[in-house]
Amino acid sequence: MSSILFTHSYFLRFDPKQWQSGQPYPPLGTLYAASLMRQNNYQVSLFDTMFISDPEGVTAAISKNHPDFFVIYDDGFNYLTKMCLTNMREAAFNMCKIANAAGCTVIVSSSDSTDRYAEYLEEGADFVIIGEAEHTLLELTNHIKNGIEDCSDILGLAYKKNREVVKTPGRQVLKDLDSMPLPAWDLVDMELYRQTWLKHAGYFSLNMSTTRGCPFKCNWCAKPIYGNRYNSRSPENVVAEIKLLKELYRIDHIWFCDDIFGLKPGWVAQFSRLLEKEKISIRFKIQSRADLLVQEDTVKALAASGCENVWIGAESGSQKILDAMDKGITVEQIREATLLMKEQGIKPSFFIQFGYPGELKEDIRLTINMINELLPFEIGISVSYPLPGTSFYEKVRADLKKKTNWTDSDEMALMFCNTFPPSYYKQLHRYVHQNYHKHLAKNSMVKLLNDPLHISTKSLRKALSVFYHAPATFIEGFKLRKLEEA
């Protein structure tokens, strides 16, 4: 029986912000691929880099497992891997070289390698899988195992032949997601994940995917793995996995890591009914869009099924910028969806993006005003980040010199010329966060004054934090104005 050692290139320790938050999710995409290969009579093992401090550690895993194939298979469901951070790229290159020297056939599948397949082939990979990878991987390993040297008929592949890079035509994405076996959760040290979550968050969360792809066309969003097609698992299939995860791993919470959760008409309502029928109680968070959350029945069904937090790509409070992004939503929809979610007891959270080309001071002000008015549960602030394959990338490509990717997820470097210099956007990030927390504290103070009989230690602490955030906001705002004037 041929053996495969799977790994991925996301090292939590190389990403200081994420390491400090202590809320890691197992490499879901990797576990799906491992499960399919095991179903097809391959012996599989996993070198999980999530808690590893040095890619050299893969040497011991290779010595222990003696794999025929070494597969770096990144989790395409996690936005952190889609960012193609240089820390992780260098770690992947290192592991490729180690496995290559050990005599393994080295195969790589990731967003980064899809964009930079020639570099990965130069750094020790024998094959790079382009796009959705599970069935390409199976076909490729079967070819090699059976001694077939010609791989030109395998779709979605890049490799070298006679020192020249060959890239075959792309493979169509999988439509029947229920046909995939459930992820190989047993390969993960689940107790290590559990204890990390309990220490930092007080509960244990696992990640699940109910869909693949996104049909919307925001012009900065790269989709190298699943493309613009949108395919969904059935609610029955998803509920069966939830039931299994609760029984096996005693999970408290799920992050549904789909780009868009529940887009298919009637899906959320059926999901909610099945959870009720099976008497399954679970808390979860999702990612969605404002224009999909202005229907009261949809939001009610989400609330009834256990959804407690929805992240939406609000991006900007300026309609001009939303239109320039081809976002396909309005500021009014953001407002309406936020208020509707709050009415149903769901916490709305915003992804905010500053620095899109053409954004002026007035557009920034509109975004800050939107945050202050709607007071989402959380905000995630970034600056526009150009990735290959997008029209946005082509628009700013000439400005991308030596730097084309961040080192870690908190770098916040603007990599192209814009209205303000990169230092301004880093300061803007600090100012907006302080300003947001100041308004949250003021809101808590008002609630306490209106209802002094129901004061808790937590609510009092939150309200009193205004005395920290107010002066801190003033200081960060002063620094921001200085950069504006420079």
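This is a predicted model: local features need pLDDT of at least 70, side-chain atom pairs count only at pLDDT 80 or more; totals for chains, interfaces and linings use all residues.
Student: Why is Ser 232 called buried?
Tutor: Its relative accessibility is 18%, and buried means under 20%, so Ser 232 counts as buried. The residue sits in strand S10, residues 231-232.

Student: What makes the pair of Ser 232 and Trp 267 a polar contact?
Tutor: Their side chains are joined at 3.3 Å, and the cut-off is a pair of N or O atoms within 3.5 Å. Trp 267 is also among the residues that Ser 232 touches, together with Leu 177, Thr 210, Thr 211 and Lys 264, leaving out those up to four places away in sequence.

Student: Why is Phe 467 called exposed?
Tutor: The relative accessible area of Phe 467 is 61%, and exposed means over 50%, so the label exposed applies to Phe 467. Phe 467 belongs to helix H19, which covers residues 466-485.

Student: Which residues form a nonpolar patch on the surface with Phe 467?
Tutor: Ile 455, Leu 460 and Leu 464 do, and with Phe 467 they have about 390 Å² of accessible area together. Residues of a patch need over 30% relative accessible area, and Phe 467 has 61%.

Student: Which residues touch the most other members of the largest nonpolar core?
Tutor: Phe 6, Phe 70, Ile 242, Phe 256, Phe 271 and Ile 334, out of 151 residues in that core. Helix H5 (residues 86-101) gives the most to this core, eight residues. As for Phe 256, the residues it touches include Ile 242, Phe 271, Met 208 and Val 238.

Student: Why is Cys 104 called buried?
Tutor: Cys 104 has 5% relative accessibility; buried means under 20%, so Cys 104 counts as buried. Cys 104 lies in the loop between H5 and strand S4 (105-109). Among its contacts, not counting residues up to four places away in sequence, are Ile 62, Pro 67, Phe 70 and Asp 126.

Student: How far apart are Cys 104 and Phe 69 in sequence and in space?
Tutor: They are 35 residues apart in sequence, and their C-alpha atoms are 5.3 Å apart.

Student: What makes Glu 119 and Arg 116 a salt bridge?
Tutor: The closest N and O atoms of the pair are 2.9 Å apart, and the criterion is within 4 Å. The two residues are also part of a network of salt bridges that links Arg 89, Asp 112, Arg 116 and Glu 119. Opposite charges on side chains can pair when the charged atoms come close.

Student: Why is Glu 119 called partly exposed?
Tutor: Its relative accessible area is 33%; buried would need under 20% and exposed over 50%, so Glu 119 is partly exposed.

Student: Is Arg 289, which meets Asp 291 in a salt bridge, buried or exposed?
Tutor: Arg 289 is buried, because its relative accessible area is 5% and the limit is under 20%. Its salt bridge with Asp 291 has an N to O distance of 3.0 Å.

Student: Why are Asp 410 and Lys 17 called partly exposed?
Tutor: Asp 410 has 34% relative accessibility and Lys 17 has 41%.

Terms used
Residues are numbered from 1 along each chain as its sequence is written. Side-chain values use heavy atoms; hydrogens and water are left out. Helices (H or I, at least four residues) and strands (E, at least two) are DSSP runs, numbered from the N terminus. Buried means under 20% relative accessible area, exposed over 50%, partly exposed in between (1.4 Å probe, protein chains only). A polar contact is a pair of N or O atoms within 3.5 Å; within protein, one must be able to donate a hydrogen and the other to accept it, and residues adjacent in sequence count only if both atoms are side-chain atoms. Contact means heavy atoms within 4.5 Å. Patches are made of residues with over 30% relative accessible area and no salt bridge: like charges are joined within 9 Å, nonpolar side chains (Val, Leu, Ile, Met, Phe, Trp, Tyr) within 5 Å. Accessible areas come from the Shrake-Rupley method with a 1.4 Å probe; for residues, only the protein chains shown count as cover. A salt bridge is a side-chain nitrogen of Lys or Arg within 4 Å of a carboxyl oxygen of Asp or Glu. A nonpolar core is a set of buried Ala, Val, Leu, Ile, Met, Phe, Trp, Tyr and Cys residues joined through side-chain atoms within 4.5 Å.
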